[in-house]
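Subject: Structure handover

Hello,

Here is the structure for you to look through. My notes follow below it.

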Amino acid sequence: MLEIRNLHASVEGNEILRGVDLAVNAGEVHAIMGPNGSGKSTLAQVLAGHPAYEVTEGEVRYEGRSLLDLEPEERACNGLFLAFQYPVEIPGVSNSYFLKAALNAIRKHRGQEEMDAFDFLKLVKERIKLVELDESLLNRPVNEGFSGGEKKRNEIMHMAVLEPKLAILDETDSGLDIDALRIVASGVNQLRRSDNATIVVTHYQRLLNYIIPDFVHVLVDGRIAKSGGKELALALEAKGYEWVSDELKEAEAA
Amino acid sequence: MSRGVEQVETHLKNFERFSLNGSAHSPEWIRNLRQKAIARFAAQGFPTARDEEWRFTNVGPLAGFPSALARKSNVDEDQIEQVHGTACRGVHGTRLVFINGYHRPDLSTSVALPKGVIADGLCSAMTTSGELIEHHLGAYAPFDEKPFVALSTAFMRDGAFVYVPRETVVEAPIYLLYLFADREAGATAYPRNLVVVEREGQVVIIEHYVSLVGTPCFTNAVTEIVAGDHTTVEHIKIQDEHRQAFHVATIQSQVGSNGSFTSNNIAWGGKLSRNDVNVTLDGEGIDCTLNGLYVASGDQHMDNRTFLDHTKPRCNSHELYKGILGDEASGVFRGKIHVWEDAQKTDAKQTNKNLLLSDEATIDTMPQLEIFADDVKCTHGATVGQLEDEAIFYLRSRGIDRESARSILTHAFASDIISRISSEAVRQHLDAGLQSLLENSFRVEGGI
Ligand SMILES: Nc1ncnc2c1ncn2[C@@H]1O[C@H](COP(=O)(O)OP(=O)(O)O)[C@@H](O)[C@H]1O
Ligand SMILES: [Mg+2]
């Protein structure tokens with residue numbers, strides 16, 4: 001589904017990603033872990049197409065085509081979804097208006113009819129239950145005045161409505177208490193299907209107790225330093241990230 | 001020293017002709033008022049760039065406008081269709097239609113109004129309410145330092161007269177619709193409106209300016225509103241004339257103690273427009289709100305000036321003007337707040353926010369605070385900015401294309417003002433108008 005090869009990306013002239021390789025297949029859940037500042041969000045934003053990041057080398061194939069050639073909205077219309085680490089506040093635009101516009105843009109791209117207000121409301125009311133979010137947040141301006149937890153749950157609610165093929169969750173767990181974490185994780189798990197895939201970006205292992213990954217990758221200094229199964233997350237929890245960076249340095253020295 | 005000598009001469013000649021014909025049958029007091037106004041205009045001439053009040057607006061095209069008085073022209077069947085098509089749908093109630101500044105009872109709609117309420121053409125009201133009109137007309141809008149008000153007063157013929165007696169609540173808005181329909185280029189209309197609301201009266205007035213033809217025309221309107229103690233008045237002005245139109249308007253309000261006055265000033269039409277909203281807070285405990293929205297694209301120029309005159313203690317004024325400027329459009333916002341020595345405990349807040357959609361668009365924004373009382377709270381702030389890149393990207397990352405994202409965010413910026421208008425029908429009309437404006441009038445921009 002997704003294949004990243006030797007991806008290098010810079011922001012404001014600083015190279016943040018320095019050769020990332022990653023392959024994700026349908027039905028899989030990948031966790032990307034790593035210390036703060038290692039480039040996890042940069043990777044997520046580059047995949048979503050944020051114009052501030054410049055790809056200097058490498059390529060990304062998504063469903064057989066070059067992802068980097070697509071505009072951000074084309075990526076979304078082709079099933080890519082990014083749950084932002086810091087969801088953006090949009091004063092004056094209601095949450096449901098935004099989501100309806102997004103859903104209909106995607107449906108239009110797929111050649112489907114626009115969903116009318118009635119059907120849309122029915123769908124949203126059903127999906128909002130997955131994340132146990134208050135319905136009143138639908139009529140409020142997007143993220144404005146939402147608590148940290150509400151913002152994160154709202155992102156997952158959008159995901160539940162838009163039904164992406166590849167979802168990237170950037171630190172959706174940070175700032176959530178344990179109950180909220182469980183709610184978000186169960187929401188994500190209920191949306192898992194054999195034909196979609198999820199990349200969970202986190203720097204704690206605790207989310208991975210609820211969303212069980214098939215693969216765990218450790219990003220250090222803009223490169224994947226180590227990959228493994230779900231037990232790698234536990235090892236990281238026990239030994240810390242230095243263990244991986246030290247190993248990496250040794251390997252480079254050799 | 002008079003300026004634009006030649007153009008002033010033209011207006012004086014026109015006035016001579018007007019006093020022999022159109023003006024000849026008016027009551028003496030009106031003829032005197034006109035005489036005073038034209039004399040004052042002759043003494044001042046047109047403003048120049050040296051006038052602080054007009055520093056950022058080129059008066060040239062206004063002064064040089066042919067200045068033929070718009071005629072009491074007929075409208076054909078098609079145009080009558082258009083009259084109804086351009087109106088705010090869903091605003092039911094009294095509707096006064098004006099063609100080229102002249103009241104047209106045949107195109108207007110009247111409904112039953114509470115006892116004593118008058119909503120009529122100014123001319124026709126003169127025969128029934130002459131004394132009332134004589135008492136108020138021209139008493140509020142000074143023209144000594146205002147050449148365009150002087151000119152408008154000199155040439156006034158017709159307009160709207162609204163009277164709300166004591167303790168009377170007019171539920172449905174009174175809708176004044178002004179249409180320019182002169183097929184010959186170069187005509188000028190001088191609508192003159194007078195709104196008198198007695199103690200504890202309540203009313204909503206809509207002043208809506210549109211064009212039926214695309215020829216260059218000039219509207220120079222003056223509206224005087226006098227609202228007594230404990231009144232609640234909302235004024236909504238919509239300027240949606242075509243892109244060849246010139247539009248200069250003054251709304252002059254005087255509010256009594258404990259009154260609540262709201263002005264909503266929406267402008268997105270015309271080639272060059274200048275709008276003055278002046279409010280004299282002539283009592284204690286008044287609540288005054290000024291909302292404004294100007295949307296300019298192409299080479300449109302929009303100049304907004306507001307003046308809040310806090311004369312007495314314990315009055316609040318909240319002012320929020322927002323502007324969207326794209327292409328090579330230019331805008332001006334100048335908000336003056338004067339707090340007199342007596343006006344202690346004044347709470348005045350002024351905000352002007354501008355969204356620039358292109359590199360060529362410009363805005364000159366100036367607060368002007370003159371405060372002579374010591375125990376007051378006066379704040380002002382102005383912002384000029386672009387759409388936020390992060391917000392655009394957030395929308396795009398969910399599947400919304402760039403143009404739609406920009407349009408959604410721009411619309412949100414503006415609908416903040418529209419949402420403050422009490423009439424839902426007006427809000428809907430404006431929201432739809434704004435939507436089509438954003439979709440069709442702005443050239444596509446680069447950027448994110
Ligand atoms: N938009 C940006 N402008 C400048 N520096 C940035 C930007 N985004 C990320 N960086 C820098 O890139 C590095 C990696 O950041 P990020 O990808 O957010 O890391 P992580 O998500 O792993 O904590 C950091 O040093 C950060 O300061
Ligand atoms: Mg991050």
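Where in chain A does A:Glu171 lie? A:Glu171 sits in the loop between β9 (166-170) and α6 (178-191) of chain A. Helices (H or I, at least four residues) and strands (E, at least two) are DSSP runs, numbered from the N terminus.

Before the rest, the ground rules. This is a predicted model: local features need pLDDT of at least 70, side-chain atom pairs count only at pLDDT 80 or more, and totals for chains, interfaces and linings use all residues. Residues are numbered from 1 along each chain as its sequence is written, chains are lettered from A and ligands numbered from 1 in the order in which they are written, and side-chain values use heavy atoms, with hydrogens and water left out.

Most residues other than glycine have a negative phi. A:Glu171 has a positive phi, near 50°. A:Glu171 counts as buried because its relative accessibility is 3%. Buried means under 20% relative accessible area (1.4 Å probe, protein chains only).

B:Asn100 is not a glycine, yet its phi is positive at about 50°. B:Asn100 is placed in the loop between β2 (95-99) and β3 (102-103) of chain B. Its relative accessibility is 2%, so B:Asn100 counts as buried.

**Ligand 1**

The shell around ligand 1 comes from chain A and includes A:Val11, A:Glu12, A:Lys40, A:Thr42 and A:Tyr53. A residue is near a molecule if one of its heavy atoms lies within 4 Å of it. The shell divides into 4 nonpolar, 6 polar and 2 charged residues. Here Ala, Val, Leu, Ile, Met, Phe, Trp, Tyr, Cys and Pro count as nonpolar, Asp, Glu, Lys and Arg as charged, and the others, Gly among them, as polar. Helix α1 (residues 40-48) of chain A gives the most to this shell, with 3 residues.

Now the distances. An oxygen atom of ligand 1 is 2.8 Å from a polar backbone atom of A:Ser41. An oxygen atom of ligand 1 is 3.2 Å from a polar backbone atom of A:Ser38. A nitrogen atom of ligand 1 is 3.1 Å from an N or O atom in the side chain of A:Tyr53. On its own, ligand 1 has 550 Å² of accessible area (Shrake-Rupley method, 1.4 Å probe), and the protein covers 63% of that.

**Chain B**

Helix α9 (residues 424-440) of chain B has 17 residues. From first C-alpha to last, α9 reaches 24 Å, close to the 24 Å expected at 1.5 Å a residue. That expected span is 1.5 Å times one less than the number of residues. The buried residues of α9(B) include B:Ala425, B:Leu430 and B:Leu438. Among the elements covering them are β9 (202-211), β15 (287-296) and α8 (402-418) of chain B.

B:Ile225 is in strand β10 (residues 217-227) of chain B. With 1% relative accessibility, B:Ile225 counts as buried. Beyond its neighbours within four places in sequence, B:Ile225 is in contact (heavy atoms within 4.5 Å) with residues including B:Val195, B:Ile251 and B:Phe261.

B:Arg396 lies in helix α7 (residues 389-396) of chain B. B:Arg396 counts as buried, at 3% relative accessibility. What joins the side chains of B:Arg396 and A:Glu71? A polar contact of 2.6 Å joins them. A polar contact is a pair of N or O atoms within 3.5 Å; within protein, one must be able to donate a hydrogen and the other to accept it, and residues adjacent in sequence count only if both atoms are side-chain atoms.

Best wishes

Terms used
Buried means under 20% relative accessible area, exposed over 50%, partly exposed in between (1.4 Å probe, protein chains only).
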